[in-house]
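Hi,

Here is the structure I promised to pass on. Have a look at it first, and then read my notes below.

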Amino acid sequence: MIKDLLDFRLPPFVRLNWLNSSAEDKWLEPMQNAAQLWLQLEIRSVSAGLREVTLQEQADLNGFALPAELTAYPLPALDTELLGPPIADPVVIGRTSAVEKFTTLWESSNSVEMGHLLGYPTCCVQHFQDVYQESRLWYAPWAWLQTERERILNYAVETNILLSVLGFKLLPHIPCCPDCSASIELAQAYQGLVQSEQEQVSLEYLQEILTWPTLWSALHGIAEIKTPVFRISMDVAATGQRYQIQKQGQAWPLTGASGIRFPYQLKKSSPVQDTDHCLEEFQNPINHKRLLER
């Protein structure tokens with residue numbers, strides 16, 4: 001699939017940059033609430049029976065109260081990339097019997113059975129096994145490129161995982177393809193777990209973020225993910241050529257930055273107010289030749 005992998009990997013990092021101050025003022029708090037809501041839904045999905053366990057980063061659980069029926073167990077960090085982006089301090093959350101079963105599978109590197117316990121669709125578990133297991137290409141857009149270096153895609157909000165590093169997603173897994181029907185159905189089930197008006201507001205912000213036009217590109221081990229509001233830089237599998245995906249947008253934020261290239265838009269010109277004056281100017285054009293003679 002990707003023919004020019006380089007034999008190095010940068011240390012893990014993620015950087016977020018706002019494209020203008022008004023965007024930060026408008027979106028910082030809603031984005032924080034949206035990411036927090038997704039964590040709530042991931043854990044709530046276990047209590048609701050959508051899946052048996054969830055895998056989380058220890059730091060994200062600080063100050064988070066688990067439901068009484070669930071337990072959290074820290075897992076050893078593994079060298080192999082089993083389920084997607086590497087997690088520095090992984091924690092498995094679920095009922096005791098499921099946690100014990102998952103821990104055994106984790107130690108034996110059984111990614112297929114772990115995927116089933118995590119509630120991933122069978123097609124997506126197999127996709128991960130086929131594409132990512134031995135490839136060092138854990139970041140999802142690689143597979144969506146297929147055999148091309150650049151693709152323009154327009155797909156459902158439910159399967160948009162380009163911003164998942166910040167917790168902006170409606171799925172816990174890598175979909176096997178942008179229009180995976182099983183993944184879309186699962187994402188809708190997750191959204192059905194919202195329990196309050198405040199959570200509904202955060203969900204609507206999350207959905208809106210996922211409708212923005214987004215450009216994902218990667219070169220020499222660094223991925224850049226651009227939206228009209230912010231830009232993300234992060235480590236990724238290193239390649240000798242640039243690869244990119246344009247995710248077409250269904251909406252545009254009011255604070256979106258202007259620009260001449262995707263995913264930005266040109267500012268609209270202000271309408272002419274003094275029509276008579278403009279017409280007069282057109283009727284008396286500047287004589288450039290005369291100006292040069294001065």
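Predicted model: local features only at pLDDT ≥ 70, side-chain atom pairs only at ≥ 80, totals over all residues.

The protein chain has 294 residues, 45% of which count as buried, and it contains nine helices and nine strands. Of the contacts with a separation of 6 or more, 68% are between residues 24 or more positions apart.

Helix H1 deserves a look. It covers residues 21–47 and reaches 40 Å from first C-alpha to last, close to the expected 39 Å. Even so, H1 bends by about 45° at Trp27, with Pro30 following within four residues. After the helix comes Gly49, with a positive phi near 90°.

Now to the rings: there are 10 aromatic pairs in the structure. Trp18 and Phe230 are edge-to-face, because their planes stand at 80° with the centres 6.3 Å apart. Trp18 belongs to strand S1 and Phe230 to strand S8, so this pair ties together parts 212 residues apart in sequence. Both Trp18 and Phe230 are buried.

Trp27, the residue at the bend, makes an edge-to-face pair with Trp212, at 4.8 Å between centres and 85° between planes. Trp212 sits in the loop between helix H7 and strand S6, 185 residues from Trp27. Trp27 and Trp212 are buried too, and Lys26 lies over the face of Trp27, 5.6 Å from the ring centre.

Both pairs belong to one aromatic cluster, made up of Trp18, Trp27, Phe168, Tyr205, Trp212 and Phe230.

Enjoy exploring!

Note on methods. Residues numbered from 1 in each chain as written. Heavy atoms only, no water. Helix = DSSP H or I, 4+ residues; strand = E, 2+ residues; numbered from the N terminus. Buried < 20%, exposed > 50% of the residue type's maximum accessible area, 1.4 Å probe, protein only. Contact = heavy atoms within 4.5 Å. Expected span 1.5 Å × (residues − 1). Bend = angle between axes of the 7 residues up to and from the residue. Phe/Tyr/Trp six-rings, centres within 6.5 Å; stacked < 30°, edge-to-face > 60°. Lys NZ or Arg CZ within 6 Å of the ring centre and 35° of its normal.
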